[in-house]
Amino acid sequence: MRTTVGIIGAGPAGLLLARLLHQAGIASVVLESRDRAYVERRQRAGILEQGTVDVLRAAGAGARMDREGLPHDGIELRFARRRHRVDFPALTGGRSVTVYAQTEVCKDLIALQLAEGGPLLFEAEALAVEGAGTESPRVRFRHEGREGRENVLECDYVVGCDGFWGVARTAVPREVSRVFERGYPYAWLGILADVPPSHDELVYARHDRGFALLSMRSPSVTRAYLQVPDGTDADDWADDEIWDELDRRLETDDPQWTLRRGPVTAKSVTPMRSYVHEPMRHGRLFLAGDAAHIVPPTGAKGLNLAVGDVVTLARALILLRDKGDPGALDAYSDTCLRRVWQAERFSYAMTTLLHRAPDATSFDDRIQLAGLDRLTTARSAETDLAEAYTGFPLDEQDRPQQDRP
Ligand SMILES: Cc1cc2nc3c(=O)[nH]c(=O)nc-3n(C[C@H](O)[C@H](O)[C@H](O)COP(=O)(O)OP(=O)(O)OC[C@H]3O[C@@H](n4cnc5c(N)ncnc54)[C@H](O)[C@@H]3O)c2cc1C
């Protein structure tokens, strides 16, 4: 089997890349180790930055998002029984975000790919990337649909969009790899519940008992998270205990506030990690999305970073084909890493501002409260949060002139 761009992984990064390349007339094959139902069910992110929304629309994958997605013009910060709304458009010159689940983004892109795009093989597990440093890299893979036989996909370029646990990253030789990593002593217990959200925007709460986040998937489905110790088993928490704890951590002096409770339909624990692999390219192998970097979910950046990477890569491949100019492809890793580190910085800052570490002292508590006080009283600090939350420019060409180096 032969193609121009071999893509490993059908998460948001791999699926969107295949779509962008298809629109540009560049052939690709996507290999995905799981079956379609699993990929379409996997609950993960749900906040799309303005730039991500624009890219999905331009890719022809925006129709259902525009019908069913929920545009959000702000978030609420809750701490010390206070409520403070951060108004995104007012602080950013009109930018906002959209609540539309990652599962739905994937469903839309899979449907488009199967109807119009190149091959998308489910249950096709990449075993290794070979010859990354040569002109003709290959992906060795096993395809369940072909009785588990081993195959080889020969390519001009290979893109590892296979997430944190994938194989692509291991093809970058150790001597040229650098890893930057940080763990956190807590995790998120997340629930989905069949009850309308208690508030029409996301609520990020800092509390002495730990962080809580109130979110949503649709007008009738609540998504909520509690900070729990790392290693927690979701089944250790009964549904009523989760609602009681959310009620405590979201407490406020506002008498209008009430938490709506409803049947919990899913429960899971997400570990928190910051991770960056440099460089994001080795020879003709490119890494994109979670294969190259992980952020804790507090800043809602993971999915959006994956989109940024593949937009940068698709533009670079198109430039090379149309103008014979390899400049953008050569700069791929540096261009992406600049944005990645901004997202790492923001996600780390939001995480440490809002979560209570197990060894936190009263001094640490006061520092967090002072940080929140500053955010909610100084327009410059609030603007910084709003700009980061609604999204960093996807590429230099999207960056306002005055912000360019
Ligand atoms: C449990 C969880 C909860 C999250 N919650 C949030 C959130 O609330 N907000 C947020 O912004 N982000 C969140 N994220 C992060 C966000 O979902 C990711 O950043 C996003 O999925 C990245 O997309 P991706 O395409 O790079 O990787 P992935 O979505 O991980 O896709 C990788 C794909 O590659 C496939 N694959 C792996 N190995 C192979 C192989 N050897 N061969 C073939 N295919 C392979 C996988 O099956 C998968 O389909 C969460 C992540 C996790 C794990």
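These are my notebook entries on a predicted model of one protein chain.

**Entry 1: overall form**

I started with the secondary structure and found twelve helices and 20 strands in the protein chain. I then looked up the extent of the chain: its C-alpha atoms fill a box of roughly 65 × 50 × 45 Å along the principal axes. Next I checked the radius of gyration, which is 21 Å; a compact globule of 405 residues would have one near 22 Å, so the value agrees with that form.

I also looked up burial, and 45% of the 405 residues count as buried. For contacts with a separation of 6 or more, I noted that 72% join residues 24 or more positions apart.

**Entry 2: the six-stranded sheet**

In what order do the strands of the six-stranded open sheet run? I read the order as β8-β2-β1-β12-β19-β18, with mixed pairing. At the edges I found β8 (120–121) and β18 (281–282), each of which pairs on one side only.

Helix α1, residues 12–23, packs on this sheet. I listed β1, β2, β8 and β12 (157–160) as the strands that α1 touches. The direction of α1 makes about 160° with that of β1.

Strand β1 (residues 5–8) and strand β2 (residues 28–31) pair in the parallel sense, over four bridges. Within this pair, I8 has L31 of β2 as its bridge partner.

**Entry 3: the nonpolar core**

I looked up the largest nonpolar core and found 117 residues in it. The residues with the most contacts inside this core are L17, L31, V159, A288, V310 and L313. Which helix gives the most to this core? I found helix α8 (residues 302–323), with ten residues. As background, I noted that nonpolar side chains tend to be buried together in soluble globular proteins.

Leaving aside neighbours within four places in sequence, I found A288 in contact with several residues, among them A13, L17, V159, V310 and L313. The list for A288 also includes G160, C161, A306 and D309.

**Entry 4: the three-stranded sheet**

I then turned to an open sheet of three strands, in the order β3-β7-β4 with antiparallel pairing. Why is one side of β3 (47–49) and of β4 (70–72) left without a neighbour in the sheet? Both stand at the edges with a single partner strand each, so that side has no neighbour there. The twist averages 30° from one strand to the next.

Last, I checked β4 against strand β7 (residues 97–99): they pair in the antiparallel sense over three bridges. H72 stands opposite V97 in β7.

Notes. Residues numbered from 1 in each chain as written. Predicted model: local features only at pLDDT ≥ 70, side-chain atom pairs only at ≥ 80, totals over all residues. Helix = DSSP H or I, 4+ residues; strand = E, 2+ residues; numbered from the N terminus. Rg over C-alpha atoms; globule rule 2.2 N^0.38 Å. Buried ≥ 20, exposed ≤ 12 C-beta atoms within 10 Å, placed from the backbone. Contact = placed C-beta atoms within 7 Å. Pairing = 2+ DSSP bridges. Axes fitted to C-alpha atoms, helices over the stretch in contact; angles between N-to-C directions. Core = buried A, V, L, I, M, F, W, Y, C linked by C-beta atoms within 7 Å.
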